[in-house]
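I opened the model and kept notes as I went. The entries are in the order in which I looked things up.

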Amino acid sequence: MTIAVVITTHGHAAKALLATAEMIIGAQENVRCVDFVPGENGEVLAEKIRAAAAELDTTQGLLLLVDLWGGTPFNASSGIAHDDANCEVVTGINVPMLVSVLMEREDVNDLNELAALALREGADGVKALKTQKAATATPAATAAAPAAAPPAADFDDNDPEIQRLRAEASAKAGDGPHMKFGLWRIDDRLIHGQVATRWTKETGVNRIIVVNDQVVQDKTRSTMLKQAVPPGVTAHVVSVDKMMRVYNNPEYAGDKVMLLFTNPTDALELVRRGIVVKSINIGGMAYTEGRVMLDTSVSVDEKDIEAFKELDSKGIELEVRKVASDKKVPVLALIAEKYKP
């Protein structure tokens, strides 16, 4: 069993935080929410927290996540932790902290280690897009520090070494070693919470490649996508043509990669050109006028349906799941049920 978690905040934020986390990583067990509302005091709140904890399996420990240091949720939780050596309190709960704690409970069984992770992820998750923190190093230290490396380009076509490797790969007619695929996913949101957290962890990929000719042309969106990946994962945005060149480049043969598409047609094009894949996950295709909703997150039009049928004819599994813990649902079964031409 995982470490138990109780979330306590002023007002009703606790339930909203958990709902947000579950939207990203799926339904969670061994966790409860406790609200602190007007008219209650610390003693009442402490009893509510104890009652919530009593519903959980605390064998591995109890982590109490609260909002403000010194607030009533903190004070009530601190009293409980003081009496229980197998309990810890962490303040400043935010979505990055909660998502990381709930995910890592599967692998982290030490309460102190999980609390340290909560502190680290909660702090790392607070960033500003444009505002940089002022440097605190002295001028001398700054001068002595090595210059930061420039950001890497997306599989730079002008790199002579890459050109050489590409020529060798072409000479081998694509029979050489290729990158390994952890996941192909169709999701028009591309890199977002579910992908950057749950799917990246579940698949163990070290690269995420968005494959779409239009997104490549949108420099602002491409830049934002590359910033959305977790530490240790590299993101790229490429066209269908460049994806084929990258696939045939042996330089990336050791990489485990997630491919993201906005639609099934781009995925089909890669398959038509010779890339082998056994399964494609469908996570999100937004509704617009003229499309048919298959479930709460996937809609299709006639072009999508034709692409899915051709992919199916090639023996590729086509399954709908928002997160890895959801049950696989065959997309063609949903189309047969919901699409009435």
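**Ground rules.** I am working with a predicted model, where local features need pLDDT of at least 70, side-chain atom pairs count only at pLDDT 80 or more, and totals for chains, interfaces and linings use all residues. Residues are numbered from 1 along each chain as its sequence is written, and side-chain values use heavy atoms, with hydrogens and water left out.

**Sheet.** I started with an open sheet of four strands, paired in parallel in the order β2-β1-β3-β4. I took helices (H or I, at least four residues) and strands (E, at least two) as DSSP runs, numbered from the N terminus. Two strands pair if DSSP finds at least two bridges between them. The edges are β2 (31–36) and β4 (87–90); each has a single partner strand, so one side of each is left without a neighbour in the sheet. From one strand to the next, the twist averages 20 degrees. I then checked β1 (residues 4–10) against β3 (residues 62–66): the two run parallel and are joined by five bridges. Val6 has Leu64 of β3 as its bridge partner. Helix α3 (residues 72–83) packs on this sheet and touches β1, β2, β3 and β4. The direction of α3 makes about 160 degrees with that of β4. For such angles, axes are lines fitted to C-alpha atoms, for helices over the stretch in contact, and the angles run from 0 to 180 degrees between N-to-C directions. Contact means heavy atoms within 4.5 Å.

Which residues carry the "modified residue: Phosphohistidine" feature in UniProt? The unreviewed entry places it at His10 and His192. UniProt positions are in the numbering used here, feature names are shortened, and annotations may be inferred rather than shown by experiment. Of these residues, His192 is included in the lining of the largest pocket.

I looked at His10 next. His10 sits in strand β1. Its relative accessibility is 33%, so it counts as partly exposed. The classes are buried under 20% relative accessible area, exposed over 50% and partly exposed in between (1.4 Å probe, protein chains only). Leaving aside neighbours within four places in sequence, the contacts of His10 are Phe36, Asp67, Leu68, Gly71, Thr72 and Pro73.

His192 lies in the loop between β5 (180–187) and α8 (193–203). At 17% relative accessibility, His192 counts as buried. Not counting residues up to four places away in sequence, His192 touches Arg185 and Asp187.

**Largest pocket.** Its volume is about 1100 Å³. A pocket is an open set of points on a 1 Å grid over the protein atoms alone, where a 1.4 Å probe fits, with protein on both sides within 12 Å along at least five of seven lines; lining residues have an atom within 4 Å of a point. Grid points are joined across faces, edges and corners, and the volume is the space filled by probe spheres set on the points. I found 32 lining residues, with Lys127, Ala228, Val229, Pro230 and Pro231 nearest the centre. Which helix gives the most to the lining? That is α4, with six residues.

**β6 and β7.** β6 (residues 207–211) and β7 run parallel, joined by five bridges. Val210 has Val237 of β7 as its bridge partner. In β7 (residues 234–238), four of five residues are buried.

**Leu334.** I ended in helix α14 (residues 331–338), where Leu334 is placed. Leu334 is buried, with a relative accessible area of 10%. Not counting residues up to four places away in sequence, Leu334 touches Leu294, Val320, Val329 and Tyr339.
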